[in-house]
2 protein chains.
Amino acid sequence: MAQINSNYLKLPGSYLFAAVAKKVAAFREAHPEADIIRLGIGDVTRPLVPAVVEAMHRAVGEMASCETFRGYGPEQGYDFLIDAVIRAEYGSRGVGLDRDEVFVSDGSKCDVANIQEIFDSGSRVAIGDPVYPVYLDTNVMAGRTGEAGPDGRFEGVTYLAATAENGFAPALPERPVDLIYLCSPNNPTGTVLSREELAKWVAYARETGAVILFDSAYSAYIREPGLPGSIYEIPGAKEVAVEFKSFSKTAGFTGVRCAFTVVPKALKARAADGTLRSLNALWNRRQCTKFNGVSYVVQRGAEAVYSEAGLPQIRQQIDYYMENARIIREGLSGAGYTVFGGKNAPYIWWKLPDGLDSMRFSDTLLERCRVVGTPGVGFGPGGEGYFRLTAFGDRERTKEAVERIRQAELFA
Amino acid sequence: MAQINSNYLKLPGSYLFAAVAKKVAAFREAHPEADIIRLGIGDVTRPLVPAVVEAMHRAVGEMASCETFRGYGPEQGYDFLIDAVIRAEYGSRGVGLDRDEVFVSDGSKCDVANIQEIFDSGSRVAIGDPVYPVYLDTNVMAGRTGEAGPDGRFEGVTYLAATAENGFAPALPERPVDLIYLCSPNNPTGTVLSREELAKWVAYARETGAVILFDSAYSAYIREPGLPGSIYEIPGAKEVAVEFKSFSKTAGFTGVRCAFTVVPKALKARAADGTLRSLNALWNRRQCTKFNGVSYVVQRGAEAVYSEAGLPQIRQQIDYYMENARIIREGLSGAGYTVFGGKNAPYIWWKLPDGLDSMRFSDTLLERCRVVGTPGVGFGPGGEGYFRLTAFGDRERTKEAVERIRQAELFA
């Protein structure tokens, strides 16, 4: 009889965001009159900018006529988009890349979830704590961990604690690891690894042969000069790191679906027979076998993000969200609450008073303020005692949420 | 040091279609004047139909304004599309499905590649021979096979031979298997499993506890009444089968990207602890963790395929391709060649004279007729001695290709 992949059963029943959504739905049913403001899930609310909309209309038009119709595109993405990415995202940062080092996809979530497939099933994994849950969950599914212990930590995983105490910059692992997931600007803490911190990780990976999986989906939100927006700004990083970037938060593409992943050709890892193998070739094989490229219409939209018209429009959209971030950050700290992030990222990481359970606080915030956020524990045991608010809401609603929180005197 | 997934190294260097494309490119460089007709890769050439184009324009327009903008959609797809699928693809066949049994995705290739993840790594796999290479390759990558032998067959895989001798309807396996990949209408043979044949597989799976992974991406091409277009037309199939369908060939979506997979809630398999588990719940968990839904614009386009305006437009497009299939089939058999398929599928499966190598014949056809097709061996060792032509070309070009082949007296 067919057997399931029993590793799936190690995971808790439902994905965090789904669990919170369910609670909110139940609350809404019980209080149909309640005016709920959602600062929970990291989803954008501003429409696509005009340059993107025009490009997508144009592409739909092309698909309507024999002469300009496009069938299967390259699994790796069209050159027009890859060239734009190399120029705008990397050339601007002094980083040179070849076309075949960039892989366009339908989302960073997919790529950070799938990348582990090209590594040995026995690989030792290090992940931030707290962090975006996909890194951990996909490695649990792949059987690289034991069971979860009573503290919620999975056996065999190296957790890299990021707390207020260490400035949200985790220390190097104390035991050897093979794969290191880093996320900067960080989801959920909203903090960014400095050049020195990132250089520390690159040096460590070069020394030990570990591979860094660098999730940089929020780099467009970095405002302070000098903070690295790509790991390849660190010399030597191409030999040790894969980088993930996305149009989701950069350009409001959460419902449009486009991202890209850089796998440098200089990046190698060892095969069972001891030979060194190109991870670029393996990822290419993975994508050619299991993926069929991103919608042509979507790729034309993504290209327009970097156009002369698109760039200032996108900039304005990010400014809008970052002004929300400022309002939340200053509103809450002005009321005596302790918050982090929100300066170079669309997330505000709210430190709860000692001993306050983040899941319970989530209920309190919903009941007393009608505001939805995300309990820190959803991002790992190290997120307990924190709460995430996002800057992706509407301006007036964000102001209103902050005002309600200020009035509520929550921890009084 | 990081180690790669060495199972990847068991696969031959490059994916078949890429290898053929490379040869064609080299030929083109050597003969820049050559007028090459491509009947190789299974890609469509007709533009999107008006109903789909209108729906996509409308959806792009919605994304341009705050009030109608959509961010993240459900990972499983929007209800508007799922409802249309249930009504048009299943209701019409007398099959009832719940919404949460249908999972919209960006391609059947992705789904048939990813489905194996939810099964135990030790699962015994049976695949057609010849067949679409993704079923095999993804199981090789996952470590469910040994190395390839000198005959190209992977150790540990059960090959289900489909040949002219058995009417392209494979016999039941002689040793126990857990997962059975079936493809009907078949790529590459262009043949369809009859109701009796399909019922034989369902009965076998019910008896042994195996799960059938039924790839039905070409069901829209079935013309003969009485042939099953869904495995769920067979009573009891919901308890043993997953089904994959796609808009790629049905509606010219190869560059648009949309498909769907049905995982019935009645379908169960055993966990390591002996309990029976719902595959629907596992696939849902997989998709929620590793996938972020299909582009909203694309889903609106797919919905329009089933609209009152869309249905006859799509029908006309399929008629166009099927008339190409008739031209190829009758043109070649009229010239004394032996061909199969092309009656209920857009593929013609050409039997080569005994002893003729399909890769070498590919070169001959290119050199003598300037026609590109696909060597049968690319679909498995059982495809050796056959050659695939597709009906997705332009009408006049297809006629011209057939005329050239008729003139060439290839096996004289």
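This is a predicted model: local features need pLDDT of at least 70, side-chain atom pairs count only at pLDDT 80 or more; totals for chains, interfaces and linings use all residues.
Residues are numbered from 1 along each chain as its sequence is written, and side-chain values use heavy atoms, without hydrogens and water.

**View 1. Helix 2 of chain A against helix 2 of chain B.** The two helices (DSSP runs of H or I, at least four residues, numbered from the N terminus) pack at an angle of about 180°, with axes 10 Å apart. Axes are lines fitted to C-alpha atoms over the stretch in contact, and angles run from 0 to 180 degrees between N-to-C directions. The pair is therefore roughly antiparallel (an angle over 145 degrees). Contact (heavy atoms within 4.5 Å) involves, among others, His57(A) and His57(B).

**View 2. Helix 2 and helix 9 of chain B.** Helix 2 (residues 50–62) of chain B and helix 9 (residues 296–305) of chain B pack at about 150°, with their axes 8 Å apart. This angle makes the two helices of chain B roughly antiparallel. Residues in the contact include Met56(B) of helix 2 and Arg300(B) of helix 9.

**View 3. The two domains of chain A.** An automatic or database domain assignment gives domain 1 (7–47 + 311–408) and domain 2 (53–305). Their C-alpha centres lie 25 Å apart. In this chain, 35 residues of domain 1 are in contact with 44 residues of domain 2.

Technical notes: Chains are lettered from A and ligands numbered from 1 in the order in which they are written. Angles under 35 degrees count as roughly parallel, over 145 as roughly antiparallel, 65 to 115 as roughly perpendicular and the rest as oblique.
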